Amino acid sequence: MNKKKVMSRRQFVSTAISAAAVSGLAGKSLIAGVPPAPNPSASRLQSGSPALLDSPAWKDQGIENLAKSPYAKLRDIPVRAVTIQSGFWAARREINVTKSIPSMHDLLEANGRMNNFRRLTGNSTEPQTGPVYSDSDVYKWTEAVGFALQSGDRPELRASAEKAIDVVVAAQQPNGYLNTYFVQDRAALSMTSQTQTTGHELYDIGHLLQGAIAYYRATGDRKLLDAGIRFVDNFLIPSYGPAPLKPIISGHPEIEMGLIELYRITGDKRQLNLAGYILHGDDRIPLPDYRTIYMFSGTPFTARTKLEGHAVRAMYACCGATDYYLETGDPAYWKTLNTLWNDMTATKMYVTGGVGSRSDGEAFGDAYELPNDRAYGESCAAIGNMMWNWRMLAATGDAKFTDVIERALYNGINSGMSLDGMLYCYRNPLAFDPASGEKIRNPWYDTTCCPPNIERTFAALPGYFYSTSADGIYLHLFDNSTLDWHLENGTALKITQKTNYPWDGAVEISVSPAEPSDFVFYLRVPGWAGRAQVAINGAPQLGAIPGKYMALHRKWSAGDVITLQADMTSQALEANPRVVDDAGRVAIQRGPLVYCMEALDQPSGVDFSSLAVNVDRDPGRQFKSEFKPDLLGGVVVLQHNGIAYDKSSAADSLYSSFNPDPPKSRKVPLTFIPYYAWSNREQTPMEVWTPRKA
């Protein structure tokens with residue numbers, strides 16, 4: 001989204017109407033007994049709708065429909081094919097679908113987002129409210145509902161979505177244009193070159209397409225999808241594109257993903273070609289360098305050599321470019337994507353998987369510019385990072401991308417929603433002091449892009465667990481779950497995971513093909529594991545390498561069991577010396593989880609800023625893990641015998657003479673909690689990178 005003032009991007013609106021909107025919510029269990037969504041009623045079927053590709057069927061398509069993408073090595077499985085059972089993610093998703101998504105619907109209503117549409121049909125006299133990109137909030141919420149319904153029908157949630165869709169579609173103009181901001185007295189500004197760079201019209205429609213497709217895959221309901229097709233086919237394609245058509249530019253990348261996913265279900269190559277044209281940039285809209293850097297668009301994507309500018313824009317542009325590669329195989333795109341990925345993971349990604357270090361411009365900083373308390377780490381940017389790596393994984397089957405997915409998911413994304421599902425972080429710093437006056441978790445932001453983005457991610461989570469390939473199946477993520485799907489040759493396959501992940505590294509995987517079948521089971525060995533052991537039916541298997549998929553090739557029969565034991569010894573991580581903010585500090589990680597200290601867990605009367613860890617060459621033995629079921633929803637905490645430095649008389653001085661003697665210290669017990677759970681009790685100082693005793 002477009003940034004004018006740093007704080008206005010995430011201004012907290014604490015009105016009485018917002019508070020009232022989220023009260024009294026109730027819902028049904030997501031874990032078991034949820035029936036499949038029914039086919040859409042006849043009243044919602046659209047006449048004259050263009051034909052869609054029917055292979056695979058709408059309900060059998062995954063997060064992305066890669067079934068016919070020629071340069072995809074892996075294919076998505078549908079969300080409905082995986083049932084996440086009691087465990088870490090089941091509880092999170094239960095809250096998401098029973099509290100977070102319903103309360104966000106009420107907040108969208110309370111803060112005028114739906115009235116923005118109603119006023120265009122004479123059903124509201126309220127003025128337009130919210131930023132220029134407010135329509136996208138409704139579309140991301142619809143996408144969250146769509147993914148939730150792909151796990152099973154929820155009649156109340158589906159009814160709310162149908163009503164919202166009816167309101168949205170009623171506001172569409174006869175020529176297909178749909179936007180609640182650039183209409184009426186602002187109509188003359190619609191789709192001008194200036195508006196395209198700042199107005200988010202195409203960004204909004206990109207989210208409409210993604211939301212409509214997710215909802216269609218859940219219910220078969222095409223009403224919103226057909227509205228999106230009308231915008232693209234009737235309004236956009238006939239008028240915008242290469243000369244002699246009008247110029248087009250993506251001021252906030254998003255439309256690229258929407259167009260390519262639309263192409264995957266329509267087969268209309270004009271949609272793919274338009275996405276490619278937008279990714280290339282339109283030189284008929286001249287822009288200064290600072291603008292194309294900030295937007296991460298407007299110049300050829302393949303000319304990019306580093307990640308810079310607005311972090312969410314950059315991540316979404318990379319997602320769209322990877323989608324374009326998956327359909328075209330353009331080697332210039334692949335070269336650029338790998339260059340940018342290496343730049344991010346080697347110099348610009350936080351240990352939490354978050355990206356975007358600067359508040360100014362919500363932007364990437366320079367290489368190794370990764371401050372902690374000033375870290376922006378917008379939730380949307382971490383989600384964009386996960387989405388991009390999911391696409392890179394589909395192209396390659398390389399576990400290095402899955403490691404980033406898991407890092408972002410468990411840490412930089414999971415931290416963005418409170419444990420009760422009602423409060424959200426816009427930014428996700430790695431150090432925090434409430435004395436700054438900032439309230440880090442809030443129920444609503446006037447720029448409310450992050451809350452429904454987190455909700456759609458959690459709702460879609462089952463679709464990230466597995467992929468199929470021509471020769472077998474890939475297991476990416478671990479949790480108690482059951483896959484009920486089939487191999488690409490049609491052989492029915494059921495896989496059941498039993499585990500206490502992420503608190504324990506042991507995973508038992510039961511593999512049950514409908515008939516004995518020869519295929520490869522690609523088991524991910526997490527990159528964080530110092531070592532790992534794998535066995536099949538009790539027989540040890542050689543070749544388990546952390547950070548790789550282990551190819552287990554055999555004739556599989558019902559009842560075969562794979563066991564993975566990944567070492568979850570706590571690790572003390574140090575940053576590259578060029579990350580000056582982390583000099584002399586370490587971050588503690590156990591399994592996929594990054595840990596932090598909160599001041600309220602430390603000994604009373606001790607200055608939080610004086611604390612340090614006391615680690616040596618074997619830090620694992622210096623951290624004692626303990627599961628506390630009644631703390632923060634049930635977490636493993638780490639206990640460590642650290643130190644507290646004594647305060648010297650010189651400590652009050654800004655500068656003082658160098659003293660070569662080590663400062664005096666005393667031993668104190670330190671407690672670490674998972675980073676995702678911070679700021680869920682009270683606002684208190686927090687830090688991920690803890691000083692290390694010299």
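# Reading features in a predicted model

Q: In which helix do phenylalanine 231 and phenylalanine 235 lie?
A: Both residues belong to helix 8 (residues 223-236), where they are four residues apart, about one turn of the helix. Helices (H or I, at least four residues) and strands (E, at least two) are DSSP runs, numbered from the N terminus. This is a predicted model: local features need pLDDT of at least 70, side-chain atom pairs count only at pLDDT 80 or more, and totals for chains, interfaces and linings use all residues. Residues are numbered from 1 along each chain as its sequence is written, and side-chain values use heavy atoms, leaving out hydrogens and water.

Q: How many aromatic pairs are there?
A: Rings of Phe, Tyr and Trp (its six-membered ring) pair if their centres lie within 6.5 Å; planes under 30 degrees apart count as stacked, over 60 as edge-to-face and the rest as tilted. By this rule there are 33 aromatic pairs. One of them joins phenylalanine 231 and phenylalanine 235, a tilted pair at 5.2 Å centre to centre with 55° between the planes. Ring pairs also link a cluster whose members include Phe88, Trp89, Tyr410 and Tyr501.

Q: Is tyrosine 655 buried or exposed?
A: Buried means under 20% relative accessible area, exposed over 50%, and partly exposed in between (1.4 Å probe, protein chains only). Tyrosine 655 has a relative accessible area of 72%, so this residue is exposed. Its place is the loop between strand 21 (635-645) and strand 22. By contrast, phenylalanine 231 and phenylalanine 235 are buried. Asparagine 389, in helix 14 (residues 379-396), is buried because its relative accessible area is 0%.

Q: Which residues does asparagine 389 touch, not counting those up to four places away in sequence?
A: Contact means heavy atoms within 4.5 Å. With that exclusion, asparagine 389 touches Trp341, Met344, Phe401, Val404 and Ile405.

Q: With which side chain does the side chain of threonine 671 make a polar contact?
A: A polar contact is a pair of N or O atoms within 3.5 Å; within protein, one must be able to donate a hydrogen and the other to accept it, and residues adjacent in sequence count only if both atoms are side-chain atoms. The partner here is the side chain of glutamine 639, at 2.9 Å. Threonine 671 lies in strand 22 (residues 665-674) and is buried because its relative accessible area is 12%.

Q: What is the strand order in the open sheet of seven strands?
A: Two strands pair if DSSP finds at least two bridges between them. The order is 2-8-9-10-15-12-13, with antiparallel pairing. Strand 2 (82-84) and strand 13 (539-541) are the edge strands, each pairing on one side only. Within this order, strand 8 (residues 481-486) is joined to strand 9 (residues 492-499) by six bridges. Tryptophan 485 stands opposite leucine 493 in strand 9.

Q: What kind of peptide bond joins tyrosine 501 and proline 502?
A: Most residues other than glycine have a negative phi, and most peptide bonds are trans. The bond between tyrosine 501 and proline 502 is cis, with omega about 10°. Proline 502 is in the loop between strand 9 and strand 10 (506-513). A cis peptide bond also joins serine 55 and proline 56, with omega about 0°.

Q: What is the phi of methionine 191?
A: Its phi is near 60°, a positive value in a residue other than glycine. Methionine 191 sits in the loop between helix 5 (155-170) and helix 6 (193-198). Phenylalanine 296, not a glycine either, has a positive phi of about 50°.
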